[in-house]
Amino acid sequence: MEMEKLTSAEKSAYIKAFTAMVLGRTLDKKIVNAQRQGRVGFYTPTMGQEATQVGLSMSLGREDFIYGYYRDVSLLLHRGAPMEAIINQIMGNSKDVEKGRQMPSHFSYKGVNFMSVPSPVGTNLPLAVGSAYAFKLRKEKGVVVATFGDGATSTPDFHVAMNMAAVFHVPVVFVCENNGWAISLPVEKQTETEIYKKADAYGMKGILVDGNNFLEMYKTCTEAVNNVRSGGGPVLIEARSYRMGAHSTSDDPTKYRKDEVKEGDAKDPLIIAEKILKDLNIGDDKLVEKIKAEAQRIVDAKFQECEKIPPPEPITAFQEVYSKNTWMLDEEVGDILD
Ligand SMILES: Cc1ncc(C[n+]2csc(CCOP(=O)(O)OP(=O)(O)O)c2C)c(N)n1
Ligand SMILES: [Mg+2]
């Protein structure tokens, strides 16, 4: 890698990025293990997509909105969502902002403008476009980001959203986290063309980027986001990585694939990030080990804390949907809780 002169702000941004990636990976493994022990119900691992998510997050501002998807744990962590908010959501306990009413991994965190994740794949895309249209009409400077997988590009919503975004020239950044798989379907069977090329048909720029490399992601996304922010119209970014884990804790990928990238391989985004820090003289083995040990300590402590939190009270199933409950709901509450 060519040597660059880095400012101290850049150095700390890169260390923050690496730390978020390590936290994401560590939390991921903790939750998968806990699911195997029957301590949480379900989870969609983020492993392999840490660099894509963190590099993207580095390019965004506080005012920007994210219509993300169920794998965006590293993005949430880097953007500043408290780790306990993520764990509480997975557990569906009484401190979960959704009070257990969403499936685990379907996060929502207002503090960092991360909208509620919908289960039907691709449905966040038209919502992101509508939101970006509102930004435009109000002349606000924020951009809206939609993240989604390679499989989501086969949904009608993807095409509807791309077309409307381009026609109305709204400030939206589509980021396809192409991890090579949609459950058991490889991307080669998903589409006859490369995903970033689809942008051309709608009249927007399509960009291909190495999603395993956080620095490439950061640089590419920063340029793209700045262009969208200054009125350049929407963009589609295809970030290529690899889903290192199972689709979800209900999936057994050994039934349909041989793992092509394993933890610690040269293509592992954490290994690439470690090498970047070392090549740029920002960090050494000692720093890397310190960050990893600290991440493990934090994850273990937070997990233990969250496990002590009781489930939501039954009455909460009837609250926070309407500003004032309908008479039918009131009757139901009476029947159940009397
Ligand atoms: C409209 C719709 N169809 C099917 C499903 C079932 N489903 C859930 S996740 C998934 C795969 C999505 O793959 P991709 O978009 O590549 O994201 P990834 O899980 O690989 O990150 C499918 C088919 C769904 N939730 N919604
Ligand atoms: Mg996929």
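## Helix 11 and its packing

The buried residues of helix 11 (285-307) pack against helix 1 (8-36) and helix 4. In this predicted model, the buried positions of helix 11 are I291, A295, V299, F303 and C306. A residue is called buried if 20 or more other C-beta atoms lie within 10 Å of its own, exposed if 12 or fewer, and partly exposed in between, with C-beta atoms placed from the backbone. An α-helix has 3.6 residues a turn, so residues three or four places apart point the same way.

Helix 11 has 23 residues, and at 1.5 Å a residue it should span 33 Å; its end C-alpha atoms are 33 Å apart, which agrees. The expected span is 1.5 Å times one less than the number of residues. Helix 1 can be checked in the same manner: its 29 residues should span 42 Å, and its end C-alpha atoms are 42 Å apart, in agreement. Just after helix 1 comes G38, with a positive phi of about 75°.

## Reading the model

Residues are numbered from 1 along each chain as its sequence is written, while chains are lettered from A and ligands numbered from 1 in the order in which they are written. Because the model is predicted, local features need pLDDT of at least 70 and side-chain atom pairs count only at pLDDT 80 or more, whereas totals for chains, interfaces and linings use all residues.

## The chain as a whole

Now for the wider view. The chain has twelve helices and seven strands. Both are DSSP runs numbered from the N terminus: helices are H or I with at least four residues, and strands are E with at least two. Along its principal axes, the C-alpha trace spans about 70 × 50 × 45 Å. For 338 residues, a compact globule would have a radius of gyration near 20 Å, and the chain has 20 Å, which agrees. That radius is taken over C-alpha atoms, and the globule rule is 2.2 Å times the number of residues to the power 0.38.

Buried residues account for 44% of the 338 in the chain. Among contacts between residues at least 6 apart in sequence, 75% join residues at least 24 apart. Two residues are in contact if their C-beta atoms, placed from the backbone, lie within 7 Å. The chain is divided into domain 1 (8-307) and domain 2 (314-338), with bounds that come from an automatic or database domain assignment. The C-alpha centres of these domains lie 36 Å apart.

## Around ligand 1

Which residues come nearest to ligand 1? Of the 16 residues around the ligand, they are V121, G149, G151, A152 and A182. A residue is near a molecule or strand if its C-beta atom, placed from the backbone, lies within 6 Å of it. Strand 2 (144-149) and strand 4 (181-182) are the elements that give two or more residues to this shell.

The shell divides into seven nonpolar, six polar and three charged residues. Here Ala, Val, Leu, Ile, Met, Phe, Trp, Tyr, Cys and Pro count as nonpolar, Asp, Glu, Lys and Arg as charged, and the others, Gly among them, as polar.

## Two positive phi angles in loops

S105 has a phi near 80°, a positive value in a residue other than glycine. S105 lies in the loop between helix 4 (83-91) and helix 5 (124-137). Is S105 buried or exposed? With 23 C-beta neighbours inside 10 Å, S105 counts as buried.

N281 is not a glycine either, and has a positive phi of about 60°. N281 sits in the loop between helix 10 (269-279) and helix 11, and is exposed, with 10 other C-beta atoms within 10 Å.

I66 belongs to strand 1 (residues 65-67) and is buried, with 28 C-beta neighbours inside 10 Å. Leaving aside neighbours within four places in sequence, I66 is in contact with N113, F114, M115 and V145. I66 and V288 are 222 residues apart along the chain, and their C-alpha atoms are separated by 30 Å.

I15, in helix 1, is partly exposed, with 15 other C-beta atoms within 10 Å. Beyond neighbours within four places in sequence, I15 is in contact with I282 and G283. P120, found in the loop between helix 4 and helix 5, is exposed, with 9 other C-beta atoms within 10 Å. P120 and T155 are 35 residues apart in sequence and 9.6 Å apart in space, C-alpha to C-alpha.
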